[in-house]
Amino acid sequence: MSLSVGIVGLPNVGKSTLFNALLGKQQALAANYPFATVEPNVGVVPVPDERLEKLAKVVGTERIVPATVTFNDIAGLVKGAAEGEGLGNKFLANIREVDLVCHVLRAFEDGDVVRAGAVSPEDDYAVVEAELIMKDLETVERQLSVARKQTVEIRGWAEVLFNHLNEGKPARLLKMSDKQREWVREMFLLTMKDEVAVVNIGENQMDKVAEIEAEVEAKLKIPVVALSARVEAEVAELGREEARLYLAELGISQSGLDRLVSLAYGKLNLISFLTAGEKEVRAWTIERGSKAPEAAGVIHSDFEKKFIKAKVCSYDDFIEYQGWKGVAEEGKMRMEGREYEMKEGDVVEFMIGQ
């Protein structure tokens, strides 16, 4: 399972600079982990996870495979995209294919880079969100003509949804029953997708990151990461130790990109379980609430139906007692069955039948 994030924004907000920084992280990933796919408009980047290196030391392996997030650089949007202006139709079609929308909003000042009609991060967001709502209105309007042939319940709900969107409100803010949510999901509405925002700041604003994030988040009501895309692009070209020292000079303990990737990973209710063997240490992505057989199926599709048991311990115990032998001797290892609900950071070895 891989989370797919679409990077969206108006012209000249720093979207390309941010994506190039992500590509820098992808190239580092590809150099160390051959599975990474490198494409011009796709960046596959690792989810920061300090646990993996510690696990690798315990089991004596050099191969570490992190969980990943896929970022898609979506064609820039202009006002009128819902009516097909610019690359509007392509832009909106591409958004339908991602799991999470990442708005890039401009807060930096640069006289050489012209603003595209907006004057603040909030204005940037409002323009894009309005286009998404307009496209959803068009989708629901088409459904209304179909719904008139359906039950009174469906017709009434379609009208409620249309009126909600027509008030300039995204579909995700409308209270829905499970049945209604399932019906709406079939329409693939753009404003049903979860959102995060990147506020692209200038290097001279690096000491105000927390303040900027709190201010913009309070206005937009979505999670926000403030970063300098230009600085992040520079950091992505450095080695690990050089990057750490450079960030320390700027008074930053973690890069903005790492915080963005972690935020995106957690936003869709995903967790990681860990495997640790002599061949590799690896983080696997599953939805929170997944049972053990489902987790086994992420490793190999046959494992779910052939699942017998799962040998499980916590990450902390695995490190403290130095591997499976130690946790078994200390009584910290458990054998779990088909109904076991996986926990974040479980270290697991699956027992699979023939």
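Me: What does Glu-341 touch in this predicted model, leaving out residues up to four places away in sequence?
Reply: Glu-341 touches Gly-289, Ser-290 and Lys-291. Glu-341 itself is found in the loop between strand E11 (334–336) and strand E12 (346–352). As for Glu-294, the two C-alpha atoms are 9.6 Å apart in space, while 47 residues separate Glu-341 and Glu-294 in sequence.

Me: Why is Glu-341 called partly exposed?
Reply: The relative accessible area of Glu-341 is 37%. Buried means under 20% and exposed means over 50%, so Glu-341, at 37%, counts as partly exposed.

Me: What makes H8 roughly antiparallel to H9?
Reply: The axes of helix H8 (residues 229–236) and helix H9 (residues 240–249) cross at roughly 150° and come within 9 Å. An angle over 145 degrees counts as roughly antiparallel, so H8 is roughly antiparallel to H9. On the H8 side the contact is made by Val-231, Glu-234 and Val-235, and on the H9 side by Ala-243, Tyr-246 and Leu-247. These residues divide into 5 nonpolar, no polar and 1 charged.

Me: How do you know that strands E6 and E7 pair, and in which sense?
Reply: Strand E6 (residues 194–200) and E7 share 4 bridges, in the parallel sense. Pairing needs at least two bridges, so E6 and E7 count as paired. Asn-200 stands opposite Leu-227 in E7. Together with helix H7 (residues 209–220), E6 and E7 make a right-handed β-α-β unit.

Me: Which way do the residues of strand E7 (residues 224–227) point?
Reply: Val-224 and Ala-226 point one way, Val-225 and Leu-227 the other way, and all are buried. In a regular strand the side chains alternate between the two faces of the sheet.

Key. Residues are numbered from 1 along each chain as its sequence is written. This is a predicted model: local features need pLDDT of at least 70, side-chain atom pairs count only at pLDDT 80 or more; totals for chains, interfaces and linings use all residues. Side-chain values use heavy atoms; hydrogens and water are left out. Axes are lines fitted to C-alpha atoms, for helices over the stretch in contact, and angles run from 0 to 180 degrees between N-to-C directions. Helices (H or I, at least four residues) and strands (E, at least two) are DSSP runs, numbered from the N terminus. Angles under 35 degrees count as roughly parallel, over 145 as roughly antiparallel, 65 to 115 as roughly perpendicular and the rest as oblique. Contact means heavy atoms within 4.5 Å. Ala, Val, Leu, Ile, Met, Phe, Trp, Tyr, Cys and Pro count as nonpolar, Asp, Glu, Lys and Arg as charged, and the others, Gly among them, as polar. Buried means under 20% relative accessible area, exposed over 50%, partly exposed in between (1.4 Å probe, protein chains only). A crossover is right-handed if, with the strands pointing away from the viewer, the path from the first strand over the helix to the second runs clockwise.
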